[in-house]
Amino acid sequence: MADDNKALAQGLKRHDRNLLDQLIELYQYRLFRYLLYLTSSRERAEDFFQETWIRVLERGHQYDGKYKFEAWLFRIARNLVIDWQRQKKVQSLDALTDPEEGAPMEFAAVNQPSPLHLVLTAEEKTGVHTSLDRIPTVYREVLVLRFQEDLGLEEIAGVLAAPLSTVKSRLYRGLEALRGAMQGGPA
Amino acid sequence: MNKNLHDRAEKLIAQERIEGISQSERDWLAAHLRECPVCTQVAQQTTAALHALRGLPIPLPPGLAERTQFRVQLRAQEMREREPKRRLLWIMCAMSWALGIATAPYVWHAFEWAGERLGVPRLVWEMGFGLWWMIPALIAAAVVLMENLRLTNENDQSE
């Protein structure tokens, strides 16, 4: 695995086109899914998806192969979303701020579906879609990274640039929120 | 049953999935779950929630990878085209700095001689020498800044 990462790092340093094409194919689903959960918008997720790969091309030399490539990739994607939020001065409860530090955690209004809800239920209607939609982004993000992407706690801390204790705390609260939301059933 | 036991069991149910638990904790939890239907339900709900989360399908926009690959190729081409210019710029900078260092003693004497001939105070011709020596670095810095500014504008326009 470490050797694979090193080879990947060398390829990225060389701006290897074939390697980039392969990586885009390989990680398209996972990156898009992560961005969709972060942005709650299909169009934005698509834009950030493309921008993320442009950044990978431009800053490939910064990847040293010490950590999983996907952790580095998600971090780039996350930083792009945060930069965009800063530029647009998006200030909302469901932004990438910690509910523990800001406003208390609240579920979205039941009769007003959010963009994520609309995106997720457009093609597939399941209880978990609605439940995820009710969870603040900050918790949804760590749940996705831990249980869908199978990243380790330290890797998640790397993606979030946050202390391990914060990651754990968000995971515990997120899991509790997910279980609670699923118990409540679809809105 | 003691509430503390339920609290401990609920904590271990989450901890098992998030961080992992020791064998003794796993044994204790298993024993507790055999006797406690409430905590068993919590464990089942947690498992079901995570199972649903893991199997959640996300529809991928058609042609996303192809469009992205195309954009990345274009950007890569752009970068390759710029690379020789940048390399030339750095070579020129390096050469001018090397020449500056090599010729510094002669230029110093030249400034000293000119200063004495024209009756210019020592501080003034020394400052002139410093400025002369800094000119290549100032030009290089200006060019790099302008290039970065141009790139930023291009990126803003493409967005």
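Student: Which residues does Ala77(A) touch, not counting residues up to four places away in sequence?

Tutor: In this predicted model, Ala77(A) touches Leu31(A), Tyr34(A), Leu35(A), Phe48(A) and Thr52(A). Touching, or being in contact, is when the C-beta atoms of two residues, placed from the backbone, lie within 7 Å.

Student: Okay, and which residues touch the most other members of the largest nonpolar core?

Tutor: Ala77(A) is one of them, along with Leu31(A), Tyr34(A), Leu35(A), Leu73(A), Leu143(A) and Leu178(A). That core has 56 residues, and its largest share, 11 residues, comes from helix 2 (residues 17-39) of chain A. A nonpolar core here is a set of buried Ala, Val, Leu, Ile, Met, Phe, Trp, Tyr and Cys residues joined through C-beta atoms within 7 Å.

Student: How many of the residues of chain A count as buried?

Tutor: For chain A it is 38% of 187 residues. Buried is 20 or more other C-beta atoms within 10 Å of a residue's own, exposed is 12 or fewer, and partly exposed is in between, with C-beta atoms placed from the backbone.

Student: New topic: how many helices and strands are there in chain A?

Tutor: Chain A has nine helices and zero strands. These are DSSP runs numbered from the N terminus, with helices being H or I of at least four residues and strands being E of at least two.

Student: Where is His15(A), and what is its phi?

Tutor: His15(A) sits in the loop between helix 1 (2-13) and helix 2 of chain A. Its phi is near 55 degrees, a positive value in a residue other than glycine. His15(A) counts as partly exposed because it has 19 C-beta neighbours inside 10 Å.

Student: And Asp150(A), why does that count as exposed?

Tutor: Asp150(A) counts as exposed because it has 11 C-beta neighbours inside 10 Å. You'll find Asp150(A) in the loop between helix 7 (137-148) and helix 8 (153-160) of chain A, and its phi is near 55 degrees too.

Student: How many residues does each chain bring to the contact?

Tutor: Chain B brings 27 residues and chain A brings 36. On the chain B side, 10 residues come from helix 4 of chain B, the largest share. By class, that side has 17 nonpolar, five polar and five charged residues. Ala, Val, Leu, Ile, Met, Phe, Trp, Tyr, Cys and Pro count as nonpolar, Asp, Glu, Lys and Arg as charged, and the others, Gly among them, as polar.

Student: What about the numbering and the model?

Tutor: Residues are numbered from 1 along each chain as its sequence is written, while chains are lettered from A and ligands numbered from 1 in the order in which they are written. The model is predicted, so local features need pLDDT of at least 70 and side-chain atom pairs count only at pLDDT 80 or more, while totals for chains, interfaces and linings use all residues.
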